[in-house]
Amino acid sequence: MNIAVTGANGLVGSRIIELLKSKHSFIPFSSKDLDITQKDIVQQVLDATEFDLLLHLAAYTNVDGAETEKEKAHTINVEGTRNLLEQVEKAGKKMIYISTDFVFDGRIPPFDEMSTPNPVGYYGQTKYEAEQIVKDKAMIVRISYPYGYPSDKKPDFVQRLRQLLELNKPITMISDSAMTPTFIDDIALGLEYLATHYKPEIYHLVGTKSYTPFEVGTIIAKHYELPGSLIMPTTYKEYMKGKAERPQYSIIMTSKNIFTPMKTFEEGLALLDS
Ligand SMILES: NC(=O)c1ccc[n+]([C@@H]2O[C@H](COP(=O)([O-])OP(=O)(O)OC[C@H]3O[C@@H](n4cnc5c(N)ncnc54)[C@H](OP(=O)(O)O)[C@@H]3O)[C@@H](O)[C@H]2O)c1
């Protein structure tokens, strides 16, 4: 299968390609090769590309930035997705749109594929708007807090926290909210299955256990043998002051993934060098 990939240099895209490149033929696009906000460019580039499926990962992903750069976030996440879908449909090809647990409000967990989105921040709002554009026309795959093998290009939350602890920086982490970390290699294997069992439906590819961020921080400190005492618990309300609102209890799960086993955070982290 020829798989065209937007956001191929990003945290998730770069690892998916690295892991699966021996088995599939990828056509990776950076924003320089294919600016998804430029309708004409999207048409030209996709017309000239032989692909069976477009894996669309490119996005404006700065959650706090999206609150002040609303137009940019909207143009990339919503209009960019619309431009791609139009060309994919014209070419009669398939598309997988990668979305996020941030489409949910995080108020009454858990959230599965049947739950109704209600984003609380602008980033989540743009990702949900794009979902509504592609719904029933492309596959929507929601992921949550991806982490995995460290990349120089964009560190994941594990590496960012590790770096702070190595600098002996005291950190506060929330003890009354939840997140669901997801090992990127599991996402890659789940996507590989879904690409070959394609249906324009919604799927969640997420870790099998949720944690408070404070627990996650403590697990990371232990794994890298760094001082966990630098991490202090704080409340969601206190931590979110001056930041974009995020879903408080992002306990995201799946009722449809019976095809790819997904690791807990402890299991995924254990595979990374300490
Ligand atoms: N990271 C998370 O915590 C998380 C959680 C849930 C869902 N997601 C979703 O997963 C997907 C991948 O996330 P990620 O963390 O890998 O993102 P990322 O590392 O921030 O990478 C996003 C990529 O989007 C590309 N991009 C930005 N503007 C573009 C444009 N105008 N045209 C074409 N490409 C453009 C960038 O390409 P260049 O580098 O070439 O400029 C960048 O590599 C996104 O759709 C995101 O919403 C992420």
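The protein chain exposes about 12,800 Å², of which carbon and sulfur atoms supply 51%. Those accessible areas come from the Shrake-Rupley method with a 1.4 Å probe, and for residues only the protein chains shown count as cover.

Before going further, a word on the source. This is a predicted model, in which local features need pLDDT of at least 70 and side-chain atom pairs count only at pLDDT 80 or more, while totals for chains, interfaces and linings use all residues. Residues are numbered from 1 along each chain as its sequence is written, and side-chain values use heavy atoms, with hydrogens and water left out.

Now the overall picture. The C-alpha trace spans about 55 × 40 × 35 Å along its principal axes. A compact globule of 274 residues would have a radius of gyration near 19 Å, and the 18 Å of the protein chain agrees with that. The radius is taken over C-alpha atoms, and the globule rule is 2.2 Å times the number of residues to the power 0.38.

Of the 274 residues, 54% are buried, meaning under 20% relative accessible area with a 1.4 Å probe, protein chains only. Taking contacts (heavy atoms within 4.5 Å) with a separation of 6 or more, 79% are between residues 24 or more positions apart.

Secondary structure comes to 10 helices and 10 strands. These are DSSP runs, helices being H or I with at least four residues and strands E with at least two, numbered from the N terminus.

Next, strand E3, residues 53-56. Leu-53 and Leu-55 point one way from E3, Leu-54 and His-56 point the other way, and all are buried. Which strands does E3 pair with? One is strand E1, residues 2-6, in the parallel sense over four bridges; here Val-5 has Leu-55 as its bridge partner. Another is strand E4, residues 94-100, also parallel and over four bridges, with Leu-54 opposite Met-95. Pairing requires that DSSP finds at least two bridges between the strands.

Is Thr-182 buried or exposed? Thr-182 is buried, because its relative accessible area is 1%. Setting aside neighbours within four places in sequence, its contacts include Ser-144, Tyr-145, Pro-146 and Tyr-147, as well as Ile-187, Leu-205, Val-206, Gly-207 and Met-262. Leu-205 is 23 residues from Thr-182 along the chain, and their C-alpha atoms are separated by 7.8 Å.

Methods. Buried means under 20% relative accessible area, exposed over 50%, partly exposed in between (1.4 Å probe, protein chains only).
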